[in-house]
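The paragraphs below go through one structure step by step. Keep the sequence and the 3D view at hand while reading.

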Amino acid sequence: MSQATLKIYRYNPEEDAKPHYDTFTLEVEPEDRILDTLEHIKGYIDGSLSFRRSCAHGVCGSDAMRINGHSRLACKVLVKDLDAGEILIEPLLGLPVLKDLIVDLTPFFDHYKEIMPYLVNNDPPPEKERLQSEAERARFDDTTKCILCAACTTACPPFWSNRRYVGPAAIVNAHRFIFDSRDQGTAERLEVLARPDGVWRCRTVFNCTEACPRGIRITKAIAEVKHAIETGDLTTFVTPVEEE
Amino acid sequence: MTQTHEFEVIIVGGGGAGLMAAMYASQGAKTAVISKLYPSRSHTGAAQGGIGAALGNSEEDHAEWHTFDTVKGSDYLGDQDAIEFMCLEAVQSVYDLEHMGLPFSRTPDGRIAQRYFGGHTNNVTGKPVMRSCYAADRTGHMILQTLYQQCIKNGIRFFDEYHVMDLLIENGAVAGVVAYELATGELHVFRAKAVIIATGGYGRIWEITSNAYSFTGDGVALTLRRGIPAEDMEFFQFHPTGILRLGILITEAVRGEGGVLINDKGERFMERYASHVKDLASRDVVSRAMYLEMREGRGIGGKRYLYLDVRPDTVNKYAEADGRTRPDGSLYRVTAQEILSKIPDITDFCRTYLGVDPVKDPIPVQPTAHYAMGGIPTDKLGRVVVDENNTVLPGLYAAGEVACVSVHGANRLGTNSLVDLIVFGKHAGIDAAKYAQGASLQPLPDDPTAYTQETIHKLMTGDGSEKVAEITRDLRAMMFDHVGVFRIEEGLKEAQVKLEELKERYQHVCVRDQSKQYNTELTNTWELGNLLDLAQAVTVAALARTESRGAHAREDYPKRDDANWLKHSLAWMKDGQIVLGYKPVTITKYQPKERVY
């Protein structure tokens, strides 16, 4: 057991003219998740502290927030993962704050829906499964991992400055279908992404890749989509410079 | 100000069963999904290892074998007509998912890949069979995503972050639901001809659980309060391999890929408990074996956990000892790279939460409360049946973990939860739309939100001498001790007394946050009320059943007792007390016999 101090962004629109920070000090174990510390505060110190959470092990995407300035899932960061000293907890950037750590996800899901995030295939389905080789399946494996937590999009400087930009998460989900050998909606998706608020807003900052709790190589996926728009080529693998 | 909405079919819950129901109901009726979470946050997304269906893509398999394995897995408490229906429908349902775009892992010839899972066997040889259709170790995630994508494609109407708090029944039929909008704190009345409840399970009543915070049994608690019984509540599955202390699920697929359980002496102890299929025995059998090992002092370092070992050397050693081969007849051998490619998420969990690399170190595990076999009684079309005679309540449906068809009986086989929610979600959706076409809206009661308002008011004005977090903690610890893997009369009786105390303490909680917007303190407090009711139903049903069957293991009654107990329990809530009744099990082809793995 040791002590940890959390400095947490607070905003209750029914009471506060503007946001402020509250500081809480509590006993923690090094293996505690940041979510555990928030649960402890809510349960024992201040019941009004508001945040979303559900699965608590990094697969549902509810508890994305900024931890020491980085977009993270609170259930995937342990106390021991952070440098000693005060832990700063804030809502995701770039989306309106509704209360404390809860942001309005409507713009995020609207962008997701814009890129037609579903399989398009107008052929009558075969009696059994459609065939797909292991290599074809592997082509888009990475982008099937997305849990729509919004950590990437809200870590993206172009998105901060222009909320009309579809953002990395939407492009990841477009990639998941563009490179799926069973899909027939590529032309339409690429058209959406070629618009001014589409993929070209990306400045290859790599913040999205750094933020993704699922380890998706987002900047690479975006580069592949850009390449597909420019050349119509869906087969070449593109690795952006800088990436290890 | 309460808003009133009108739909033909309302679905409560946006997980696998709810979304599947929505897709099919919306084809014939004006439909909406109400969910307390964004649908993509639902717990279906945490399912890992696969969905069972006898596609026979890698070796011979038959829906009949899947049926028998499920009947046997259920310890003969599953209804055999429903099980047969589910296992036949499973095959087409998996193809349907593939056609919707689900990115299944593939075989070398491009078909859906399948793997071994506990309790699934070749009925001729008794050996494990590859029946679990998978997408790496995130099959549930891919099902949830695919169904959500299809709902977007089909323009399904969603009410996200609305918490359903009451079910309205008028003239003996469904009239609608009352929901609390998290963003505003306003109540909404949803009138509907049919309501499909798909809210999932209630593992949060146990201290160590694989279940999400939101798995608080809202649906079963809702119907219990409205006079509808809950079926087979004494049967709750403890999954053998939860991450030590946290309970996070480590899929059975780890053992399907060759991983083994090891005790402190380095023994593969499952050989002694299930000599044929060993580590791939069904979950109740493995969890009990683990408890017995730990009780004998053979937990790691004498403590209450064991090792799950999936290091390549260990896998290859035991695969050779078992004479395990690949479909082409060659010896089964794996490399670290192959293991990592099959279980990437598990690898990530182990590294994040344990600092352990599963191909280099064994994983410390303990049984974790995982799945409710019991729930709202339904028939195989998802219609809720409310008594011993299976009388249908017109317009009310349930599907997925919240429901008890019963296809899982006393113990669910791995992969069958996903089969259940796809098959019965679909049929509940189809039948609800059909019902709605021939039904009219029931009138609303005079004050439809009265119960909800009164309860919220009470929670927000209590004397505050008790804390929700403390009651929750005490409830979960107590249930894990007394109503866990093993049960005994003294413990169950003590649990009953403790539950009375906890319910009394709950009368003294107070929600301090008085704001309207995103008052999650209020919803947490409401959910605790649900958990307390369900814990009571589980405990009373467990005390009454003086036999051991499937997941219900009584130390004082260690044998299955078909003469007296081959029957489903029904638990009603009457004036705060649980009253039990029973109804027969449907047996068609398979007469009960001793269950050996």
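**A loop in chain B**

B:S406 is found in the loop between strand 20 (403–404) and helix 12 (416–437) of chain B. Helices (H or I, at least four residues) and strands (E, at least two) are DSSP runs, numbered from the N terminus. The peptide bond that leads from B:V405 to B:S406 is cis, with omega near 5 degrees. Most peptide bonds are trans, and most residues other than glycine have a negative phi. In chain A, A:D100 has a positive phi of about 45 degrees although it is not a glycine. A:D100 sits in the loop between strand 6 and strand 7 (102–103) of chain A.

This is a predicted model, in which local features need pLDDT of at least 70 and side-chain atom pairs count only at pLDDT 80 or more, while totals for chains, interfaces and linings use all residues; side-chain values use heavy atoms, with hydrogens and water left out. Residues are numbered from 1 along each chain as its sequence is written, and chains are lettered from A and ligands numbered from 1 in the order in which they are written.

**The sheets**

Strands of a sheet pair through backbone hydrogen bonds, either parallel or antiparallel. Here two strands pair if DSSP finds at least two bridges between them. In chain A, five strands make up an open sheet with the order 2-1-5-3-4 and mixed pairing. Strand 2 (20–28) and strand 4 (70–73) of chain A are at the edges with a single partner strand each, so one side of each has no neighbour in the sheet. From one strand to the next, the twist averages 35 degrees. Strand 1 (residues 2–10) of chain A runs antiparallel to strand 2 of chain A, and nine bridges join them. Within this pair, A:A4 has A:L26 in strand 2 as its bridge partner.

Helix 1 (residues 34–45) of chain A lies across strand 1, strand 2, strand 3 (64–67) and strand 5 (87–90) of that chain, at about 100 degrees to strand 2. For such angles, axes are lines fitted to C-alpha atoms, for helices over the stretch in contact, and the angles run from 0 to 180 degrees between N-to-C directions.

Chain B has an open sheet of three strands in the order 4-6-5, with antiparallel pairing. Two bridges link strand 4 of chain B to strand 6 (residues 132–133) of chain B, and B:I51 stands opposite B:C133 in strand 6.

**Where the chains meet**

In chain A, 68 residues are in contact (heavy atoms within 4.5 Å) with 58 residues of chain B. The two chains bury about 5,400 Å² between them, 49% of it on carbon and sulfur atoms; buried area is the accessible area (1.4 Å probe) that two parts lose on being put together, summed over both. A:Y44, A:H57 and A:E129 supply 13% of the area that chain A buries against chain B, more than any other three residues.

Six salt bridges are counted between chain A and chain B. A salt bridge is a side-chain nitrogen of Lys or Arg within 4 Å of a carboxyl oxygen of Asp or Glu. The side chains of B:D345 and A:R214 form one salt bridge (3.1 Å, N to O). Those of A:R52 and B:E161 form another (2.7 Å, N to O). This pair crosses between chains, from the loop between helix 1 and strand 3 of chain A to the loop between strand 7 (157–160) and strand 8 (162–170) of chain B.
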